[in-house]
Amino acid sequence: MKRGRKSNEANSSLSEEAAQKESKRHKAIDEKTTAVQSPDWANLLQDIILQVFQYLPLLDRAHASQVCRSWNQVFHMPDLWRCFEFELNQPATSYLRATHPELIKQIIKRHSNHLQYVSFKVVDSSKESAEAACDILSQLVNCSLKTLGLISTARPSFMDLPKSHFISALTVVFVNSKSLSSLKIDDTPVDDPSLKVLVANNSDTLKLLKMSSCPHVSPAGILCVADQCHGLRELALNYHLLSDELLLALSSEKHVRLEHLRIDVVSENPGQTQFHTIQKSSWDAFIKHSPKVNLVMYFFLYEEEFDPFFRYEIPVTHLYFGRSVSKDVLGRVGMTCPRLVELVVCANGLRPLDEELIRIAERCKYLSAVGLGECEVSCSAFVEFVKMCGGRLSQLSIMEEVLVPDQKYSLEQIHWEVSKHLGRVWFPDMMPTW
């Protein structure tokens, strides 16, 4: 009996030990499973967190920085602040998002010396928001910007500011940056003296300058930039700043080959703006120096103001007519624009453009993109135009009401005929896409 009792006790002890071992094994498995299911986010590599933060809106980024110490460290890494856009509006009058004022203070205090690629977007186009942008600009004394863009989304609100206030803020950046390569200041009160400050401090690095609709800049002011900034590759300005002297300066042996020149030809009041003529010899010198340049011209003129244009060969590559343009002018385009790559006509009138389109197809051998809005073309002439241009027409945006059915083609038939010559399926547009 005693021997049996001892045997039972031994078996019971072994069973308990086995149960404890099994319990420990299950606990270890559970711990491993929990570890897999609940990763330690705080120990993620900071390089990964940095990439995620770069895709987050600023406010979400700020909230995420409060998760843990590691994420907060990433929030203040210099790499995260090299590229930044300030969005400004007045909360009392606008529901659009804006960069939070407290965050702006924090950015200026801790990261102004890290900023390199900066833009200011005045979302509501108010004078108050433009003033706020200038106030921030004037505080960027410790930064070395490479790019600066001033954007007013609805209307040119920077023009509402006192000129001296704007110039003072802008020159702070010009003086302290020393390495600006890209500057976009369309629709601002920038003037000749401030451009001289820009050139004095950034002439070796400036490559892109966009300053359309800057009424306080004279042809002499932009000529100063071209004379000194020999690395300039892209330039956008209004036609009144374009001169023979500017084209010759851009064509000098010291200057690099220009890659992109955009000219806005704008008239607000019909008959009150006098447009000068650029000499053919100046265009010839310019193209000889920069044979691959894209010359983009936007025309917002009234019909009677086109007389000085397209009287002789001009090296334009991209041509946009934002207002009604006459048959005569489009006929001259076909005769004088052999480098034309893209043509957009928003409006013409009620006279068919059959002959003009055929002439453009014959003379403009590089044409690959066409957009037609409020004008008329017979279906037969349009098919002939497409046939002459062939597969090089990579973009063909034609409003359906532009096409006038004739004896040869109906609107149903033209779809198949044009598709055949293009080598792809094509339909007319219901809305403009340019």
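The accessible surface of the protein, computed by the Shrake-Rupley method with a 1.4 Å probe and, for residues, with only the protein chains shown counting as cover, comes to about 22,800 Å², and 52% of that area belongs to carbon and sulfur atoms. The model is a predicted one, in which local features need pLDDT of at least 70 and side-chain atom pairs count only at pLDDT 80 or more, whereas totals for chains, interfaces and linings use all residues. Residues are numbered from 1 along each chain as its sequence is written, and side-chain values use heavy atoms, with hydrogens and water left out.

The secondary structure consists of 15 helices and 14 strands, taken as DSSP runs (H or I, at least four residues, for helices; E, at least two, for strands) and numbered from the N terminus. Of the 434 residues, 47% are buried, where buried means under 20% relative accessible area, exposed means over 50%, and partly exposed lies in between, with a 1.4 Å probe and protein chains only. Among contacts (heavy atoms within 4.5 Å) with a separation of 6 or more, 73% join residues 24 or more positions apart.

Leaving aside residues up to four places away in sequence, Leu140 touches Ser112, Leu115, Phe120, Val172 and Asn176. Ser112 is 28 residues from Leu140 in sequence, with a C-alpha to C-alpha distance of 6.1 Å.

The structure also holds 10 salt bridges, each defined as a side-chain nitrogen of Lys or Arg within 4 Å of a carboxyl oxygen of Asp or Glu. One of them joins the side chains of Lys280 and Asp284 at 3.0 Å, N to O; because these residues are four apart in helix H11 (residues 280-289), about one helical turn separates them. Lys280 is partly exposed at 36% relative accessibility, as is Asp284 at 39%. In another salt bridge, the closest N and O atoms of Asp307 and Arg311 are 2.6 Å apart.
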